[in-house]
Amino acid sequence: MFPNEAERFLKEQEGKQEYPQKLLELLENNQEAYEYVKDYPNRESYVNQPVDLTADYNGESVPLLMQWDQRWGYNSYGDGMIGLEGCGPTCLTMAYLYLTGDTGMNPRSMAEFAYNGGYYTQEGTSWSLWTEGVTGLGLSGVQLSLSESSMKQALDDGGLIICSMGPGDFTTKGHFILIRGYDDKGFFVNDPNRRSNSEKQWDYRRLSEQMKNLWKISR
């Protein structure tokens with residue numbers, strides 16, 4: 001159910017130009033981003049402030065980070081903001097933290113790494129980030145076949161999977177998610193745009209209908 005505050009907020013913005021249209025569209029599609037969207041006029045109080053991820057990472061599980069977290073979501077990524085365009089760097093940050101334990105990296109610094117390395121395009125994050133790009137972080141990335149067996153093998157080997165998703169449950173255009181494990185009920189997902197998607201398990205058939213490409217990321 002759409003929260004009353006968010007619904008009122010969107011109605012109040014009709015005919016105004018205080019907020020970029022893309023931000024309002026984000027909120028229309030994702031109520032979880034309410035605080036991020038609402039606080040946009042105060043973005044300068046967050047931009048380039050120190051980010052401490054020690055509380056987000058417990059050393060055992062893959063941390064779940066949101067691209068629209070106010071700590072970095074207002075920072076730029078190419079022509080846009082991390083909160084709107086930064087699913088790729090946010091996924092890579094989650095993988096990097098889990099595989100290395102280095103909490104000095106965060107989605108803001110990862111977005112800078114991707115942009116400075118030439119892995120940002122007008123269409124979003126380049127797929128080459130997941131192969132040649134990750135080597136600059138001391139990681140290894142290889143493309144996988146879109147089969148269930150290859151996904152399970154990659155996870156069994158201790159890797160994580162970055163998945164490029166087409167329109168469906170996760171996006172209307174294109175989006176990156178991280179797959180961190182599986183059991184007999186399905187795959188465990190970290191979606192950098194929706195916590196609710198990350199609280200579910202997803203069967204292979206449902207995911208495969210939307211998957212465009214897969215990469216195994218490992219140390």
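Student: Hi! Which residue in E9 is the bridge partner of Phe188?

Tutor: Hello! In E9, Phe188 has Gln201 as its bridge partner. Strand and helix labels are DSSP runs numbered from the N terminus, with helices (H or I) of at least four residues and strands (E) of at least two. This is a predicted model, where local features need pLDDT of at least 70 and side-chain atom pairs count only at pLDDT 80 or more, while totals for chains, interfaces and linings use all residues. Residues are numbered from 1 along each chain as its sequence is written, and side-chain values use heavy atoms, with hydrogens and water left out.

Student: Good to know. How many bridges join E8 to E9?

Tutor: Two, and E8 and E9 (residues 201-202) run antiparallel. Two strands count as paired if DSSP finds at least two bridges between them.

Student: And how many join E7 to E8?

Tutor: Five, again with the strands antiparallel. One of the links is between Ile179 and its partner in E8, Val189. E7 and E8 make a hairpin, with two residues between them.

Student: Is E8 largely enclosed or exposed?

Tutor: Largely enclosed by the rest of the structure, because four of its five residues (186-190) are buried. Buried means under 20% relative accessible area, exposed means over 50%, and partly exposed is in between, using a 1.4 Å probe on protein chains only.

Student: Zooming out, what is the strand order in the open sheet?

Tutor: Its six strands run E5-E10-E6-E7-E8-E9, with antiparallel pairing. E5 and E9 are the edge strands, each pairing on one side only. At the E5 end, five bridges join E5 to E10, which run antiparallel, and Gly141 stands opposite Ile217 in E10.

Student: Ok, new topic: packing. How many residues are in the largest nonpolar core?

Tutor: It has 32, and those with the most contacts inside it are Leu92, Trp130, Leu139, Ile162, Leu178 and Ile217. A nonpolar core is a set of buried Ala, Val, Leu, Ile, Met, Phe, Trp, Tyr and Cys residues joined through side-chain atoms within 4.5 Å.

Student: Which elements give two or more residues to it?

Tutor: Helices H5 (87-100) and H6 (107-116), plus strands E6 (160-165), E7 (175-183) and E10 (211-218). H5 gives the most, with eight residues. Apart from this core lies another, of 18 residues, among them Ala6, Tyr40, Val47 and Met81.

Student: What does Leu139 touch?

Tutor: Leaving out residues up to four places away in sequence, Leu139 touches Leu92, Tyr96, Leu99, Thr100, Val134, Ile217, Ser218 and Arg219. Contact here means heavy atoms within 4.5 Å.

Student: Tyr36 next. Buried or exposed?

Tutor: Buried, with a relative accessible area of 2%. Tyr36 sits in helix H3 (residues 34-38). Beyond its neighbours within four places in sequence, Tyr36 is in contact with Leu23, Leu26, Trp68, Gln70, Gly73, Tyr74, Met81, Gly83 and Leu84. Tyr36 and Tyr74 are 38 residues apart along the chain, with 8.5 Å between their C-alpha atoms.

Student: And Ser126, where is that found?

Tutor: In the loop between strands E4 (124-125) and E5 (140-144). Ser126 counts as buried because its relative accessibility is 19%. Its side chain makes a polar contact with the side chain of Ser128, at 2.8 Å. A polar contact is a pair of N or O atoms within 3.5 Å; within protein, one must be able to donate a hydrogen and the other to accept it, and residues adjacent in sequence count only if both atoms are side-chain atoms.

Student: Last one, as I'm thinking about grids: what volume does the largest pocket have?

Tutor: About 980 Å³. Of the 33 residues lining it, Leu84, Glu85, Thr171, Lys173 and Gly174 are closest to its centre. H2 gives the most to the lining, with four residues. On a 1 Å grid over the protein atoms alone, a pocket is an open set of points where a 1.4 Å probe fits, with protein on both sides within 12 Å along at least five of seven lines, and lining residues have an atom within 4 Å of a point. Points are joined across faces, edges and corners, and a volume is the space filled by probe spheres set on the points.
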